[in-house]
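Reader: I would like to go through this model feature by feature. Where do we begin?

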Amino acid sequence: MCLNRPKKKNGIFKTGFITVRKSTTKSKYEFINLYYTKWNVITKPSPRIIVDTHAGTGQVVLIKKSPLLSTVETEIIYGSPILAILKTLLISDNLVIILNEASKKNYLLLEKCKKAIMRRGLPIFEEIHERVRFRSLRTNRPNLQPRKKKRKFPNSFNSRTPRGFQRVWIKSKADIHLNRNKIEDSIDDLFSEYVNIIDERTKEMPKGLFLVDPCGMVSWNKVILKICERSNKLEGTELILNWSWEAIARTINTQSKNSTLSEIYGIPLENIDEEFQGLGLDNMEEFKNMYIQQLEEYFKHVVEVGVSRDRQLKPKQSQHRKYFLIFCTNNKSALSLAGYQLKKIEKNVRGNIRKIDYYFQDNL
Ligand SMILES: C[S@@+](CC[C@H](N)C(=O)[O-])C[C@H]1O[C@@H](n2cnc3c(N)ncnc32)[C@H](O)[C@@H]1O
């Protein structure tokens, strides 16, 4: 759950950063972390663009609660904008990164983050280089075999350097633009200025990766449809959407139900009663599937990512889950890549089933 609204409650902190519970972020950041690098490697050297429509501050405060002791710890990790820069750091030619954030306070923090990154770069961990000397069995001559250096990406500025590694600072060559607007108001300009621009050298439009991670609902007509419509073009468009059930659940028994649903699904107000007849708080899956069906009209592959599909790992496939990470692509290899990443995530999760239980408890 996004706790970005200033509240004073047990376990909820008022900070400058985006504040989230660890359980909520786990699958989202795991997927983003793994997918950004792979996408970048596969789409290079073509012109590429990452658009983070709800960028936040650049850093996120994780709240970790101990289920046994009633202690609460916090940790600051990189948010999606820094991950976009970090994970593309090693191949950042021909890359544009657009970070859009509406809140003035969050934007100012994001701007500070960007300035620091432009000035100094971002740290990564590089294995301390060792040349391995051995004698060739054939010629008996000494040989110098340089080993490929391993690199690791830290989760935050404060991450400890692992043993055998050194911290090196690297500057991104990507063109990073900040935009302080509501995405509903700025998406058209972003498209005409950066997204649907033909690169002079390659005569191609950039391959686009969109992250839509709102704190609640996002307008179908004003935002999602625009991205969907670009998916019909050859250039390649992928969408990672953090879809909120909370936004619907919160209003479903109120007068604003119809206008909320109309905004989220892009269905005219007068058709809402008919389209959602009989659906209520117990029908989260139906609401989500209707949304997925809309996305499927534009993307060949629409999959839920970040949370295991294995039922056994979902002891409480709960109607209370609030966010679903949905990945949309027309590219089969992108899909299998996402599947591969999912397997990795599942493996991580499988090692700690308690954590998954905890995930659901936390989201009740
Ligand atoms: C869930 S947070 C983003 C977290 C970020 N993606 C990350 O993972 O680090 C949502 C952000 O969207 C911003 N926001 C809310 N409504 C917006 C809108 N209409 N357009 C752009 N940003 C918006 C909020 O101020 C908040 O910073």
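Author: With the term helix: here it is a DSSP run of H or I, at least four residues, numbered from the N terminus. The model is predicted. Helix α7 is followed by G266, whose phi is positive, near 70°.

Reader: Which residues of helix α7 (residues 257-265) are buried?

Author: A residue counts as buried if 20 or more other C-beta atoms lie within 10 Å of its own. In α7 this applies to L261, I264 and Y265. The three cover an arc of only 80° around the axis, so they sit on the same side of α7.

Reader: What covers the buried residues of α7?

Author: The cover includes α5 (220-230), α6 (246-251), α8 (272-275) and α9 (284-296).

Reader: Take V223, in helix α5. Is V223 buried or exposed?

Author: Buried, because 22 other C-beta atoms lie within 10 Å of V223. Beyond its neighbours within four places in sequence, V223 is in contact with T53, I183, E184, I187, V212 and V218. S186 and V223 are 37 residues apart in sequence, while their C-alpha atoms are 9.4 Å apart in space.

Reader: How should the confidence values be read?

Author: Where pLDDT is low, the predicted coordinates should not be read in detail. For this chain the mean pLDDT is 81, and 77% of the residues reach 70 or more.

Reader: Where does pLDDT stay under 50?

Author: Over residues 3-15, for which the model has 16 contacts beyond four places in sequence. Over residues 308-319 the pLDDT is also below 50, and this stretch has 16 contacts beyond near neighbours in sequence.

How values were computed: Residues numbered from 1 in each chain as written. Predicted model: local features only at pLDDT ≥ 70, side-chain atom pairs only at ≥ 80, totals over all residues. Buried ≥ 20, exposed ≤ 12 C-beta atoms within 10 Å, placed from the backbone. Helix = DSSP H or I, 4+ residues; strand = E, 2+ residues; numbered from the N terminus. Arc of directions from axis to C-beta. Contact = placed C-beta atoms within 7 Å. pLDDT = per-residue confidence, 0-100.
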